[in-house]
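Morning, everyone. Please look at the sequence and the structure first, and then I will walk you through them.

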There are 2 protein chains.
Amino acid sequence: MQLELSQFPVATARPEVRALSESRIRQVANAAMGREDVLPFWFGEPDGVTPLAIREAAKQSLDAGDTFYGPTLGLPALRESLAGYLSRLHRPVDVARIAITNSGVNGLMLACQAILSPGDRVVAVVPLWPNLVEIPVILGAVVDRVALSLNPQSQRWHLDLDALLARLTPGTRAVLINSPNNPTGWVMSAEDQARLLAHCRHHRIWILSDEAYERLVFQPTDSTSAPSMLDIAHPDDALIVANTFSKTWQMTGWRLGWLVTPLELIGDLGKLIEFNTSCAPTFIQKAGVVAIETGEPDLAAFRQRLIAGRETLLTALQAIPGITAGIPDGAMYAFFKLEGTHDSVALAQALVQTVGLGLAPGSAFGPEGEGWLRWCFARPPALLLDGVRRLKKSIAREA
Amino acid sequence: MQLELSQFPVATARPEVRALSESRIRQVANAAMGREDVLPFWFGEPDGVTPLAIREAAKQSLDAGDTFYGPTLGLPALRESLAGYLSRLHRPVDVARIAITNSGVNGLMLACQAILSPGDRVVAVVPLWPNLVEIPVILGAVVDRVALSLNPQSQRWHLDLDALLARLTPGTRAVLINSPNNPTGWVMSAEDQARLLAHCRHHRIWILSDEAYERLVFQPTDSTSAPSMLDIAHPDDALIVANTFSKTWQMTGWRLGWLVTPLELIGDLGKLIEFNTSCAPTFIQKAGVVAIETGEPDLAAFRQRLIAGRETLLTALQAIPGITAGIPDGAMYAFFKLEGTHDSVALAQALVQTVGLGLAPGSAFGPEGEGWLRWCFARPPALLLDGVRRLKKSIAREA
């Protein structure tokens, strides 16, 4: 007997994929559907269009007919540009250790495919943007979490390094660090990086370092880059550094990133790139070359806007009774708690509905973020202050 | 005692990744490094630049400042265009079942992430372009293979459907079909598709159908699309159809593709897109809309060039004693055997070195392809004939 199709509900994803978190930021953003009066501070995205010179480079490449497959590891010109850029910022980086990826998150997926087997244990420092902990889960790894805490004296987020090292036991496959951190703005110190590296060398643990915000750093005020694992590591260390053009050069929509890996890994990484996306578009990579070669003045101006936005927003938030906000030393977010908040998705949805204020719920960044909200300050001060006014209005209503 | 770094060779990929095949086509292409007299027929790529209107659409989008994140499942305008396009070619396809991907291969990776768990068994019809069988391996699945054979009477590649169905036992998770097939040009018949679908429904087996070449079909000569699973399947069937802009609209370098899935799967697929690349660039998707809406005349001209190239190449090859070539009913390759060939990589390397002829070794498409060579005929007839002259010269030398 041929059974009916309806008796076979097979056309669903495997359980591990069904169990992946839905984006809680999208859950909140969906509450704003059809409304035009909402101020959107929820997504992690600069508010400026990509600088003209970068866009012109892509257009020229399209005019020149660069519409064919490119090399798997990326255009030599872009890899060379990046090698020079990274060697200027950090220690010398051999071009052969650099792979171009189709976005920063794509680089993290590739890195995890390269090193994580099902059942592997990884440890992540949290709260953390969700992708970095969900990618290992897709690949069957188990993610353990070590939480940052807010130091009330310094008003900075703090990592208990000894607690982290204690969890990095022999047999742990990798530690996942995102510094400067999304969502908290925490920046790992060079001293902590050195101790982590020594520990991971000793116990043969991979370090996967997501340095997407390394150029968006505010402390000390004259610094142009956060401490990077590339400042201290040996080329053969079990270290993969992931980065992206998205934040530094305001190129979120371009989907261009890179990895720095040990030389030993790069051939296998090339195979994985072939089987994931095969290559990044050549006309996008040529735009990337121009971003690196000409982008510093635009980046400096962007940092100045971020410094102004950070000052405006943090000062205004800290003046509101009942609000606790850590001071972010990097990235582009204020992460803050409103006294009495236990359900950040419900609060964020209510803020959209009652006052048109669009913030990301802290629980989007893990259970450690429950009760908190994330506010992207890559926006003009006047817009940020309008947002703060709306927040105050909402608090007044509730009181 | 602190051990030395050198005692810890950990900075390599996991064994499954190290064991992935290196591209044998690249092995051959590397033999041509530094030579300018090689005729390259090895890669699967149309030889024309992407049509102007498509490139202009991307440039206009860049001018308009479309440099921000887009929706995870793709621009509504592109998904709507594709729904209309697919509904005209096949049965009505609901826009909600369509997801935009960062290339065709990216779509296959996403589809496999959605449905394959470690240890799952999948069955592939081979010879086959390597990516489709390596992706499941990356995810820990086991790939079984059913080989096409060349029918000497019809000179067509033939699938023994009963043999395939016998291997699709209960508990098999998925069957992987690429029709029109790369490298053989085999096109699965509508009758075989219907029997496969009925069998897979009965045994609850997913069908992953890579239809990248569906518009590049030569038999019957007035057909504009190969038989597609979308012609016969129910929207709720456990079927994922993968496709790409690469071949149909000569957009290989753009890295744009799509998936059609059951509605039940699309939400989970969206999560996987978020964690793989997050979205495709908006300016590339807007070019995709123009490709669909205005691309039919260019596609018709491209098909005419393919028909001329196929006729020229196959006629010339079949006139050479000792050569066996199947007639390709689709795609853009001649797949042929030179009598006495047992090592296709060595032969392809020798052809590069002695006569400057660049062909893909058949073993790149699995052990079933050993002894064969793949020749992309998306090239002008004069160039193809120059290649055939070189092949003859090589054969004469060996004789």
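Let me start with a term: two strands pair if DSSP finds at least two bridges between them. Helices (H or I, at least four residues) and strands (E, at least two) are DSSP runs, numbered from the N terminus. This is a predicted model: local features need pLDDT of at least 70, side-chain atom pairs count only at pLDDT 80 or more, and totals for chains, interfaces and linings use all residues. Residues are numbered from 1 along each chain as its sequence is written, while chains are lettered from A and ligands numbered from 1 in the order in which they are written.

Now chain A. Take strand E3(A), residues 121–126. Strand E7(A), residues 174–178, pairs with E3(A) in the parallel sense over 3 bridges. There, A:Val122 has A:Ala174 of E7(A) as its bridge partner. Strand E4(A), residues 142–147, also runs parallel to E3(A), joined by 6 bridges. A:Ala124 is partnered by A:Arg145 of E4(A).

How enclosed is E3(A)? Call a residue buried if 20 or more other C-beta atoms lie within 10 Å of its own, exposed if 12 or fewer, and partly exposed in between, with C-beta atoms placed from the backbone. In E3(A), 5 of the 6 residues are buried, so the strand is largely enclosed by the rest of the structure.

Next, strand E9(A), residues 239–244. Here 6 of its 6 residues are buried. A:Leu239, A:Val241 and A:Asn243 point one way, and A:Ile240, A:Ala242 and A:Thr244 the other way. Strand E8(A), residues 206–210, runs parallel to E9(A), with 4 bridges. A:Ser209 sits opposite A:Val241. Strand E10(A), residues 257–260, pairs with E9(A) in the antiparallel sense, again over 4 bridges. In that pairing A:Asn243 is opposite A:Trp258.

On to the two copies.

The contact itself takes 67 residues from chain B and 68 residues from chain A. Contact means C-beta atoms, placed from the backbone, within 7 Å. On the chain B side, H9(B) gives the largest share, 8 residues. That side divides into 28 nonpolar, 22 polar and 17 charged residues. Ala, Val, Leu, Ile, Met, Phe, Trp, Tyr, Cys and Pro count as nonpolar, Asp, Glu, Lys and Arg as charged, and the others, Gly among them, as polar. 100% of the interface residues of chain B are also interface residues in chain A, so the copies meet through the same surface.

Last, helix H5(B). 12 of its 12 residues are buried, including B:Gly104, B:Met109 and B:Ile115. Contrast B:His202 in helix H8(B). With 16 C-beta neighbours inside 10 Å, B:His202 counts as partly exposed.

Terms used
Contact = placed C-beta atoms within 7 Å.
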